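Colleague: I would like to learn how to read a structure like this one. Could we go through it feature by feature?

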Amino acid sequence: MYEIMKKFEFTGETKTINLLFGTATLHRIRAVAKFGFVEIGELGGWIEKEENLSHEENA
């Protein structure tokens with residue numbers, strides 16, 4: 001089995017959103033590797049947890 005290189009990190013910026021049945025805390029991500037059209041250091045979107053975004057290929 002091989003280890004997949006991480007392509008992003010959490011920035012430390014968070015926000016809480018209201019959902020129908022509660023709230024969720026989202027975390028902003030930043031690219032730490034160049035892939036596809038993404039450059040190192042580029043800010044990405046918001047995810048609830050690391051498992052919600054793939055580190056494989058151009059995801």
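Modeller: Start with a pair of strands. E1 and E2 run antiparallel and are joined by 9 bridges. Keep in mind that this is a predicted model.

Colleague: What lies between E1 and E2 in the chain?

Modeller: The two strands form a hairpin, with 2 residues between them. Two of the bridges show how the strands line up. Phe8 has Ala31 in E2 as its bridge partner, and Ile17 has Ala24 in E2.

Colleague: What holds strands together in general?

Modeller: Strands of a sheet pair through backbone hydrogen bonds, and the pairing is either parallel or antiparallel. In this model E2 also pairs with E3, in the antiparallel sense and over 3 bridges. There, His27 has Ile47 in E3 as its bridge partner.

Colleague: In what order do the strands sit in the sheet?

Modeller: The order is E1-E2-E3, and the 3 strands form an open sheet with antiparallel pairing. E1 and strand E3 (43–47) are the edge strands, and each pairs on one side only. On average, neighbouring strands of this sheet are turned by 25° against each other, direction ignored.

Colleague: How many helices and strands does the protein chain have?

Modeller: The protein chain has 0 helices and 3 strands. Read from the N terminus on, its elements run β-β-β.

Colleague: Next, the charged side chains. What is the general idea?

Modeller: Side chains of opposite charge can pair when their charged atoms come close. The cut-off used here is 4 Å between a side-chain nitrogen of Lys or Arg and a carboxyl oxygen of Asp or Glu. By this rule there are 4 salt bridges. One of them joins the side chains of Arg30 and Glu9, at 2.6 Å from N to O.

Colleague: Why does the pair of Arg30 and Glu9 tie together separate parts of the chain?

Modeller: Arg30 lies in strand E2 (residues 22–31) and Glu9 in strand E1 (residues 8–19), so the pair ties together parts that are 21 residues apart in sequence.

Colleague: Which residue does Glu13 meet in a salt bridge?

Modeller: The side chain of Glu13 meets that of Arg28, with 3.9 Å from N to O. This pair links distant parts of the chain, with Glu13 in strand E1 and Arg28 in strand E2, 15 residues apart. Glu13 is partly exposed, at a relative accessible area of 38%.

Colleague: What else does Arg28 touch?

Modeller: Leaving out residues up to four places away in sequence, Arg28 touches several residues, among them Phe10, Thr11, Leu43 and Trp46. A polar atom of the Arg28 side chain also lies 2.6 Å from the backbone oxygen of Gly44.

Colleague: Which residue forms a salt bridge with Lys34?

Modeller: Lys34 forms one with Glu39, and their closest N and O atoms are 2.8 Å apart. Lys34 counts as exposed, at 53% relative accessibility, whereas Glu39 counts as partly exposed, at 39%.

Colleague: How far apart in space are Lys15 and Glu39?

Modeller: They are 24 Å apart from C-alpha to C-alpha, and 24 residues apart in sequence. Lys15 is found in strand E1 and is partly exposed, with a relative accessible area of 37%. Apart from its neighbours within four places in sequence, Lys15 is in contact with Ala24, Thr25, Leu26 and Trp46.

Colleague: Finally, the chain as a whole. What is its radius of gyration?

Modeller: The protein chain has 13 Å, while a compact globule of 59 residues would have a radius of gyration near 10 Å. Along the principal axes, its C-alpha atoms fill a box of roughly 40 × 25 × 20 Å.

Colleague: What share of the residues is buried?

Modeller: Buried residues make up 19% of the 59 residues in the protein chain. As for contacts between residues at least 6 apart in sequence, 34% of them join residues at least 24 apart.

Conventions
Residues numbered from 1 in each chain as written. Predicted model: local features only at pLDDT ≥ 70, side-chain atom pairs only at ≥ 80, totals over all residues. Heavy atoms only, no water. Helix = DSSP H or I, 4+ residues; strand = E, 2+ residues; numbered from the N terminus. Buried < 20%, exposed > 50% of the residue type's maximum accessible area, 1.4 Å probe, protein only. Pairing = 2+ DSSP bridges. Axes fitted to C-alpha atoms, helices over the stretch in contact; angles between N-to-C directions. Polar contact = N/O pair within 3.5 Å; in protein donor to acceptor, adjacent residues only side chain to side chain. Contact = heavy atoms within 4.5 Å. Rg over C-alpha atoms; globule rule 2.2 N^0.38 Å.
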